[in-house]
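Dear colleague,

Please find the structure below, handed over for your review. A short account of the findings follows it.

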Amino acid sequence: MIKQQGLTGNPVRTSTPSIDSPKAQLGMLLFFNKALSGNLDVACASCHHPLLGGGDNLSLSVGVDAADPDLLGHGRVVGGNQAIGVPRNAPTTFNIGLWQQVMFHDGRVAQVTDGITTPDKDFPRVDPLAGRNLVHAQARFPITSVAEMRGKQFDKHGTAQSCREALAGRLGGYQKAPKALQKAATRYWLDAFRQAYNSPTASPKALITEQNIAEVLAEYQRSQVFVNNPWRSYINGDLDAINTTAKQGALLFFKGRDQGGYACASCHRGDFFTDEGFHNILLPPLGPGKAAQEGGATQLDLGRFLVTQREEDKFRFRTPSLLNVEVTGPWGHNGAYTSLDAMVAHMLHPFNGAIYYDSAQLRQPNVQTQHLRENIREILRSNSDLSGQGYEEQHVRQLVAFLQTLTDPCTRKKECIGKWVPTAERQDPMGLQLNARFSD
């Protein structure tokens with residue numbers, strides 16, 4: 001079966017930087033620093049922490065205005081008992097550099113024939129400022145999101161690009177902005193950029209640009225390659241690397257329905273376990289939603305349609321990679337499922353999963369579910385890409401056992417994954433580095 005699928009166990013098809021490279025090290029410092037947020041209260045790592053699987057362990061992220069900015073995990077809540085403002089689950093940054101075609105749940109950053117398209121240009125026009133690769137392009141957008149990092153007041157009437165430039169100017173101390181950084185802090189960042197770019201005399205304005213900020217953030221994220229898992233060892237000849245239950249799950253995963261399997265590999269294909277396509281799997285709609293326009297349908301997220309405006313793309317989302325899936329929950333584009341077993345069961349019979357969905361499984365307060373039942377009826381009227389089928393409970397356990405073999409042990413060991421977390425000694429002069437505390 002492995003031979004038929006053409007599997008090698010190695011999904012890496014392009015060069016990736018080392019975490020020890022100068023740019024990746026600078027990127028790590030920026031990734032963990034709140035100076036890139038409008039209100040100086042949230043860092044990229046607040047929602048994408050390596051010790052939380054490159055995510056945040058929440059169904060829906062809490063970006064700006066957290067009650068306790070340094071608290072991550074289930075204890076992270078929006079201040080003032082507000083409703084959740086981020087409409088989608090934080091995708092893991094693990095192995096982000098291995099994507100070849102699209103970024104984000106709806107693919108709004110994508111590789112097209114002549115370059116990379118982003119939300120700054122009408123789809124599918126190429127964005128000349130997208131950057132060197134997909135991760136570079138992706139890194140330019142969380143800082144412009146009001147709910148994620150920008151906040152409501154920073155560059156309030158500006159564009160996405162003016163927001164990026166204002167943040168760069170604040171970091172370099174050459175542009176006035178709300179909540180300006182102290183001179184010691186701007187000097188700290190200038191020294192760091194000069195070292196990373198080997199430009200000891202470059203001016204702040206020439207060196208601390210929105211493009212360079214995005215580049216080093218991307219280099220840090222692209223260094224997060226975690227692909228040395230038991231499944232790879234098994235493919236390469238260690239027949240004891242996975243147990244019998246996992247082998248049974250692998251057969252169910254790869255075999256077609258006419259062979260007694262579930263054809264999971266029709267979408268989760270290859271060594272990266274994704275077709276990088278978009279599919280409607282009838283996930284229950286919850287949270288604030290992301291409709292076509294502000295003030296649109298409550299709690300509904302129209303997915304790929306928001307990019308392409310094609311009717312057939314409604315409720316379609318990117319196929320996630322399954323590498324390290326065990327440690328990157330909650331699962332689904334909105335984190336609707338908080339156990340891997342439940343997510344697998346939904347995939348085997350999505351109609352039943354949607355109809356009988358129980359929001360009590362959510363471990364997060366203030367996630368909007370008041371329109372859940374009516375919106376489930378709405379998505380059930382759409383064209384699902386998965387047809388439901390009966391399944392045995394033991395098959396769920398076997399499939400989960402197989403998925404667990406896709407976990408790189410490094411992702412579960414603090415002493416290993418700690419290479420991607422800056423030490424407290426690297427704190428900046430304003431104390432804006434995220435030194436996270438974790439709640440259950």
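A residue is called buried when its relative accessible area is under 20%, exposed when that area is over 50%, and partly exposed in between, using a 1.4 Å probe and protein chains only. By this definition, 56% of the 440 residues of the protein are buried. Please note that this is a predicted model, in which local features need pLDDT of at least 70, side-chain atom pairs count only at pLDDT 80 or more, and totals for chains, interfaces and linings use all residues. Residues are numbered from 1 along each chain as its sequence is written, and side-chain values use heavy atoms, without hydrogens and water.

The protein has 16 helices and 7 strands; these are DSSP runs numbered from the N terminus, with helices (H or I) of at least four residues and strands (E) of at least two. Along the principal axes, the C-alpha atoms fill a box of roughly 65 × 50 × 45 Å. Of the contacts (heavy atoms within 4.5 Å) with a separation of 6 or more, 68% join residues 24 or more positions apart.

His333 is found in the loop between strand 6 (317-318) and helix 12 (340-348). With a relative accessible area of 9%, His333 is buried. Beyond its neighbours within four places in sequence, His333 is in contact with Arg88, Asn89, His105, Leu283, Asp301 and Phe317. Phe104 lies 229 residues from His333 in sequence, yet the two are 9.5 Å apart in space, C-alpha to C-alpha.

With kind regards
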